[in-house]
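Hi,

Here is the structure I promised to pass on.

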Amino acid sequence: MTMVSPGIEKRRLAALERLGILDTPPEERFERLTRIARQYYGVKTALFSIIDAERQWFKSRQGLEVSQTPRSVAFCDYAIQQDKLFLVEDATKDPRFSKNPFVTGKPFIRFYAGMPVREPSGYKIGTVCIIDDKPRHFSEVDLDVLRNLASLVEDELERAFLSADNNEYVPVAHLSRAIHRAQNVFLTSENERAAFELMLSDLLGLTGSQFGFIGEVLYRADKQPYLKIGAITNIAWSPETQALYQEVERRGLIFDRLDNVLGLPMVTGEVIVANDLATDPRRGGLPPGHPPISAYIGIPVFSGDQQIGLIGLANRFDGYKARLAEELEPLMQTVGNLIERKRLYQEKREHQKSLEKAANYDALTGLPNRRRLTELFEQELYEANQRNGLVSVCFIDLDGFKEINDTHGHAVGDAVLKSVAGRLLGRVRAHDVVARLGGDEFVAILRDVDNEKVYARLLEAIRQPIAYKHHVLQLSGSMGVTVYPHDNADADLLIRHADQAMYAAKEAGKNNYTLFDLDTHFSRKERVKVLEQIDDALNLGQLELYYQPKMDFRQQRIAGFEALIRWNHPEEGLMSPGQFLEHIEYTEYARSVGNFVLREAVARLQAFDRQALPYTLSVNLSPFHFLTPGFGDDLANALADCPPDIRGRLILEILETTALDDTDRAMENLSACRELGVELSLDDFGTGYSSLDLFRRLPAEEIKIDRSFVLDMLENADSGMIVSAIISLSKSFKRRLVAEGIESSEVEARLIEQGCELGQGFLYSQPLPLQQAMEWAANFTWDDRTIR
C-alpha cells in the first residue's frame, strides 16, 4: 500500500540497503526485545518487521513460522506510513483488512499494534509490532512499552551505524538526528518555513557558526540566478537588525548579486570558502543592519545536475574548510529533497494560494479582509512588544458614501471604494496595514506613530475629489483611533475601541478623528460590572459598615462614630466607597444601598443603647437618594421601631453641594428629617458655594469642615484662613462643628485653639469593622492619641 512519493520511497529503500540488515541471521539484541513485547502484552505474535520493496521480512519473530510475507498484505506497510503507533483492534471490522488473507485464513489476525522504526538517517524501515488472533483493546498509555521497545530497536540500529563514524567535523549521530528532524517536520507539515528554520538551527549547531541562511535558487527570464531566502538567522541585537529580520519574516529576502561570496556559488556551482572576509575581494552584499562577518562558507545544493539551493554559514571560530561541506553532504541532500518536494507541490500551493486569497482578501479593493487583518494585527502586536513600540488602530467610516451609491449606482460606488483604498495605501508606509472590513469601513494599522498629523493626512487623502468618468465626487471620512499598548487590549477589542471612537467622531460632526478615551471606557466598564454585582452584594450580605470615631475636644472623650460603607467583594477584596458608590449613583441601587445603611445605623444605635454606650452615629446620604420623593418614607420605615431618644443620636450627613442641586427638595426633606427626630450635618463644608441666606435657612445642627482644608491648614495660608472662617461662621450661626482629616497633634492643637468642638481622623483611628472599633473605644484614653 505504498502511498509516499516514488522519490521518497526510492531514498527509503536506499537507506535500508545501506543499513545492511536485510536477510541477516537473528540477533539476540532484537530477539530479547520481541520476547519482552510478546510476554508483556500476552499476545500470540511479536515481530521486528522490515518493509522491503516487495516483501515484509522479519528480522526477529516470536510466535510466527514464516520469515517473510508479500508487502501487499502487510499490516506493517500501513504502520510505516504513520508517524505514530498504528492500531487495529478488530481486523474483521476494518474495511482495509477484513478481506486480507491473513485475517480470513491463518494466522487469523484480529488485533494489530505497530510502532514505526527509523534507521539512523530518519527513514521508516519497519515496525515493532504485536499481533493476536482475538480482538483486543489497549489504551494509548498501555502501549507505551511498545513505543519504548521500538525506540530501543532504533538505538541498536544507530549504535552499529555510528561505529563507522570517521567524520572530522560533524559527528554522524548528530548529522543523522538533524536529517531525521528535518524530514519529520517537512514530511508531516505544509509549513516549509518551519522545516528550513529547523535545519538552519541544526546547521548552526553542527558547525559552530554564528549566522546562516538557507535559500532556494530561482531564475529570472534572462536565466540569471537569484536566491530567495527560506530561513535566515534572527540577528535581533538592535532595533535596526530587528527591523531587518521582521522584514524578512514578512516580505521575504532576495540575494541577486552574483559578484560576491554570497552569490558566487550560484555562478560556479562550487563550494566557496572565505576565512578572511575583511580582505577578500569577493566581500560585500550584506543587507543593511547585518553584523560583521569574518569567515564564510557557501555550499550549493543540487537535485540531480540542477542547482536548486544554497546554504551560507558564517563566523565559525576556526574558520571553514571544504571538507566540512563533504561531511554535510547527507544533510545537503536532504535540503535538496525538501526543495525538490516544494517544487513538486508548487502548483498545488499556487492553487491553495488563490483559495486563500479569496478567503483573506477583499475581492473589490485587494485589501486584506477582516480575517486576514486579524492575522496581520496579531503579528503587529507581537512585534510591537518585541521592540517596545506602538501600534495605532484607525477605524475609518466614509461620510456620504451611501448618497453616492444611491445617486450614481453601485459601479460608481465600487470605483469610489477602490480609489479610497488606493489613497489610504499611498499615505501609509510599506510595513503598515490597510484593510477593508466591508461596506465603507476601513482599518489602518500604523506602526510607531509619534505625530497625530499622520491621522489627519489619512482623512485629507479621502477628502480629495474623486474623478470617475464624467463624475467628480466628494466625500470625507470619520475616524476613531486607539493606540496600543496605552490601550492594552487584544486585537479584537482594540478594533472595537477604535470603532467606538469613530462613532464619537461622527457625533462630533464627521470629517474628523477622535482618540479613544481609555479612562471613560474603563469607568464605563467598571460601572457595568458594579451594577451587575451590587444586587448580589445586598442579598448575600457582602456590604458592611466600618466605624471611625468622632472625638469631643472639650470633654476629651469619644462623642460617637461615623459609619462608612465597605464592600467585601469575593474577587476584588475589600472595596472602599470610592470604588463603587459613584457607579450606582442615579440608579435604583443608590436607594437600595442607602436604605441598607439607614437600617444598619438604626440597629447599631439601638445596640449602643442596650450596652449603655452614649455614642452618636453619623451616616452619609447618597445625593440621589436624599433628593428622591420617597426619601422621607424610607427614613420613616428605618426608624419605625426606634424610640425618640435614640433617634436624636442619628446624624444624617448630606453634602453641601447636594443642598444646592435642588434647594426646594432639599429643604423639604431636611424638614422631614427634623420632624422624625434625627439630626442633620452638612458634609464637606467649604467646597460648595452656598449663600449665607441659604446656610442660615438650612436646618442642620452640624457642619463638617472638608478634610482637604484641614490636612494642609498649617502649611497653606489659604486653607488656614478658610478653616478659621468656617469656625467663626459656625459660632455665629450656633452650629456644632466637626473637623475631618486630623492626622497630627499640631493640627488638633490649632483647631482646639480656634474653638473647634469635634474632630476625626487618622490621629485617632482609621475606620474599623464594628468589633475592632468597639475594642478600640473600650481601651481608648486621651493620652494615647497617635496616628493609627
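To start with the overall fold: among contacts in the protein chain between residues at least 6 apart in sequence, what percentage join residues at least 24 apart? The figure is 64%, where contact means heavy atoms within 4.5 Å.

Before the rest, some ground rules: this is a predicted model, with local features needing pLDDT of at least 70 and side-chain atom pairs counting only at pLDDT 80 or more, while totals for chains, interfaces and linings use all residues. Residues are numbered from 1 along each chain as its sequence is written, and side-chain values use heavy atoms, with hydrogens and water left out.

The protein chain has 30 helices and 29 strands; these are DSSP runs numbered from the N terminus (helices are H or I with at least four residues, strands are E with at least two).

Helix 7 covers residues 192-207, and its 16 residues reach 22 Å from first C-alpha to last, close to the 22 Å expected at 1.5 Å a residue (the expected span is 1.5 Å times one less than the number of residues). Its buried residues include Phe196, Met199, Leu200 and Asp202.

Next, a helix pair. Helix 13 (residues 370-387) and helix 17 (residues 491-507) pack at about 105°, with axes 10 Å apart; axes are lines fitted to C-alpha atoms, for helices over the stretch in contact, and angles run from 0 to 180 degrees between N-to-C directions. That makes helix 13 roughly perpendicular to helix 17 (65 to 115 degrees; under 35 is roughly parallel, over 145 roughly antiparallel, the rest oblique). Leu373, Phe377, Glu378 and Leu381 of helix 13 meet Ala491, Leu494 and Ile495 of helix 17.

Val483 sits in strand 18 (residues 476-484) and counts as buried because its relative accessibility is 17%. Leaving aside neighbours within four places in sequence, Val483 touches Leu390, Val391, Ser392 and Tyr455. Its C-alpha is 9.7 Å from that of His497, 14 residues away along the chain.

Finally, the cysteines: a search of the whole structure gives zero disulfides (pairs of cysteine sulfur atoms within 2.5 Å). Cys642 counts as buried at 5% relative accessibility, and Cys756 does so at 4%.

Cheers

Key: Buried < 20%, exposed > 50% of the residue type's maximum accessible area, 1.4 Å probe, protein only.
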